[in-house]
Amino acid sequence: MAVFVALGAFLMTLVGGWTAQRVTDRRHLVLGLAGGLMLGVVGLDLLPEALEAAGDDVFGVPAALLLFVGGFLVAHLVERLLAVRRAAHGGDRRAPQVGLTAAGAMVGHSLMDGIAIGAAFQVGGGMGAAVALAVITHDFADGFNTYTITSLYGNEKRKAVAMLVADALAPMVGAASTLLFTLPAELLGSYLGFFGGVLLYLAAAEILPEAHHDHPALSTLLFTVAGVGFIWLVVGLAG
C-alpha cells in the first residue's frame, strides 16, 4: 500500500517539474513562486516536524535548530567555495555544481518522504493516509523547485530533467525500503532540521534575489506570498 501511494507522489513531482518548464517566459514569477514554496516548506512543514522528532536539547538549544543553522552555513560555504573556484577560472559566479548539489538534496528529501509514508503505514492506515496526503500534495512544490533550481545555476535541460525524474522516483524507493528497516524518529528529525537550513539559504540568498533582480514587480512578490500560502493550506489540510 505504501509503495502504491508513493506512486501518487511520483506523478505529482513530474507535474510540478512540467509546470516549471512551461512558464519560462515568466521566469521572475517562476522564481518568486519557487522561493515562496521553499520558504513555506521550511517554516511550516520541515521545522515543526524536526522540532517534534529531533529529541533533547544540546546546551539549551533544540538539536533540530542547531542542525538547521548548520545546514544554512554548510549551504553558504559550499556555494561560496564553488563560486570562487569558478570565478578563478573565468566563469560565471553561478556554478552549475551548486544547482546539482541542491537538486541532489531535494532528491534526498523526497527519499525521506517515501520512508515517512512507509513508516506511517506501519503505524496504521489512518496515519499513513494523513502523511501520504501531505507528501503527495507538497511534492508538486518539490518537482517545481528541483527543476527550477537545477536550471537556475546554468545546467542543461537534460540534467534538470534527469534530476526531476530522480526526485519523482525517490518517494517510491523510500517507501519500498521501509519493508527492510525502520528509521529512528530522532535521526529523521535531525535530517529535517539540517535540510531546512539548506533550503532556507537557497530561497533567501539565491532564488528570491534572482527573482527580483530584473523584475522587481509587485506580481513577483505576490507569487512568493502565494507560494507560502499554498504550503500553509497543504499543512492545514493534512492536519
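Let me start with the nonpolar surface patch of about 560 Å², which is made by Leu 51, Val 58, Phe 59, Val 61, Leu 65 and Leu 66. A patch here takes residues with over 30% relative accessible area and no salt bridge, where like charges are joined within 9 Å and nonpolar side chains (Val, Leu, Ile, Met, Phe, Trp, Tyr) within 5 Å; the accessible areas come from the Shrake-Rupley method with a 1.4 Å probe, and for residues only the protein chains shown count as cover.

Before I go on, please keep in mind that this is a predicted model, in which local features need pLDDT of at least 70 and side-chain atom pairs count only at pLDDT 80 or more, while totals for chains, interfaces and linings use all residues. Residues are numbered from 1 along each chain as its sequence is written, and side-chain values use heavy atoms, with hydrogens and water left out.

By buried I mean under 20% relative accessible area, by exposed over 50%, and by partly exposed anything in between, with a 1.4 Å probe and protein chains only.

As for the overall layout, the protein chain has 8 helices and 2 strands, and from the N terminus on its elements run α-α-β-β-α-α-α-α-α-α. Helices (H or I, at least four residues) and strands (E, at least two) are DSSP runs, numbered from the N terminus. Of the 239 residues in the protein chain, 44% are buried.

Helix H2 (residues 27-53) has 27 residues, so at 1.5 Å a residue it should span 39 Å, and the 37 Å between its end C-alpha atoms agrees with that; the expected span is 1.5 Å times one less than the number of residues. After H2 comes Gly 55, with a positive phi near 95°.

Turning to the aromatic rings, there are 3 aromatic pairs in the structure. Rings of Phe, Tyr and Trp (its six-membered ring) pair if their centres lie within 6.5 Å, and planes under 30 degrees apart count as stacked, over 60 as edge-to-face and the rest as tilted. Phe 72 and Tyr 201 make an edge-to-face pair, at 5.2 Å centre to centre and with 85° between the planes. This pair links distant parts of the chain, since Phe 72 lies in helix H3 (residues 63-88) and Tyr 201 in helix H7 (residues 185-213), 129 residues apart. Phe 72 is partly exposed at 29% relative accessibility, whereas Tyr 201 is buried at 5%. Phe 140, Phe 144 and Phe 230 form one aromatic cluster.

Helix H7 also holds Phe 195, which is buried, with a relative accessible area of 3%. Its C-alpha atom is separated by 9.8 Å from that of Val 69, 126 residues apart along the chain.

Finally, which side chains meet in a salt bridge? The structure holds 1 salt bridge, between the side chains of Glu 156 and Arg 158, at 2.7 Å from N to O. A salt bridge requires a side-chain nitrogen of Lys or Arg within 4 Å of a carboxyl oxygen of Asp or Glu. Glu 156 is partly exposed at 43% relative accessible area, while Arg 158, at 58%, counts as exposed.
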